[in-house]
Amino acid sequence: MSKPKHPRKLAETEAQAMVSNIRVSPRKLNLVAGLIRNKPASLAVAQLTFSKKRIAQDVRKALQSAIANAENNHQLDVDRLVVTRAEVGRSIVMRRFHARGRGRASRIEKWFSHLKIVVAERAQDIVAEHAQETPNAEQEAV
């Protein structure tokens, strides 16, 4: 007798990738994760590739892993993938001590984070519609 299989938590048109214990604070990681939420996967990869944030390269690797999971494990169309969720969570906190004046010490906290990226297959018109909106928004900002 074996345990029953866990039901799949995601829909049939979704795939995910998770990264644990990334050495960056959740607040900083959430800024980068906010860049890719609700965007087509190809646009999100391009945006992370040229981001100046150090952690953007790790987020890009996680996104590419989610895209590969969608393609290889769930047979989803890569061109129709959209980043539906990019969740950031707290992980461990390393505590270190820093010497201060008069023999005292102060605590330094080094935060770690978890990242979960979920991509979903959407209708082609939604992906194309979002791709058309993006260049106009960039031109208005310039």
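Which residue forms a salt bridge with glutamate 109, with the closest N and O atoms 3.5 Å apart, besides arginine 95? The partner I have in mind is arginine 107, and its salt bridge with glutamate 109 has closest N and O atoms 3.5 Å apart. Before I go further, please keep in mind that what we are looking at is a predicted model.

Let me stay with the charged groups for a moment. The structure holds three salt bridges, and one of them joins arginine 95 to glutamate 109, again with 3.5 Å between the closest N and O atoms. That pair links distant parts of the chain, since arginine 95 sits in strand S2 and glutamate 109 in strand S3, 14 residues apart. As for accessibility, arginine 95 is partly exposed at 44%, glutamate 109 is partly exposed with a relative accessible area of 32%, and arginine 107 is exposed, at 52%. Through shared partners, the salt bridges join Arg95, Arg107 and Glu109 into one network. There is also a salt bridge between arginine 85 and glutamate 87, where the closest N and O atoms are 3.2 Å apart; here arginine 85 is partly exposed at 31% relative accessible area, and glutamate 87 is likewise partly exposed, at 36%.

Now to the sheet. Its three strands form an open sheet in the order S1-S3-S2, and the pairing is antiparallel. At the edges we find S1, residues 14-22, and S2, each of which pairs on one side only. From one strand to the next, the twist averages 10°. If you follow S1 against S3, which spans residues 105-121, you will find antiparallel pairing over seven bridges, and within that pairing valine 19 has leucine 115 of S3 as its bridge partner.

Two helices lie across this sheet. Helix H1 lies across S1, S2 and S3 and runs at about 165° to S2, while H3 also lies across S1, S2 and S3, running at about 150° to S1.

Finally, a word on helix H4, residues 124-141, where glutamine 124 is found. Glutamine 124 counts as partly exposed, at 43% relative accessibility. In sequence, glutamine 124 and aspartate 79 are 45 residues apart, whereas in space their C-alpha atoms are 8.3 Å apart.

Conventions. Residues are numbered from 1 along each chain as its sequence is written. This is a predicted model: local features need pLDDT of at least 70, side-chain atom pairs count only at pLDDT 80 or more; totals for chains, interfaces and linings use all residues. Side-chain values use heavy atoms; hydrogens and water are left out. Helices (H or I, at least four residues) and strands (E, at least two) are DSSP runs, numbered from the N terminus. Buried means under 20% relative accessible area, exposed over 50%, partly exposed in between (1.4 Å probe, protein chains only). Two strands pair if DSSP finds at least two bridges between them. Axes are lines fitted to C-alpha atoms, for helices over the stretch in contact, and angles run from 0 to 180 degrees between N-to-C directions. Contact means heavy atoms within 4.5 Å. A salt bridge is a side-chain nitrogen of Lys or Arg within 4 Å of a carboxyl oxygen of Asp or Glu.
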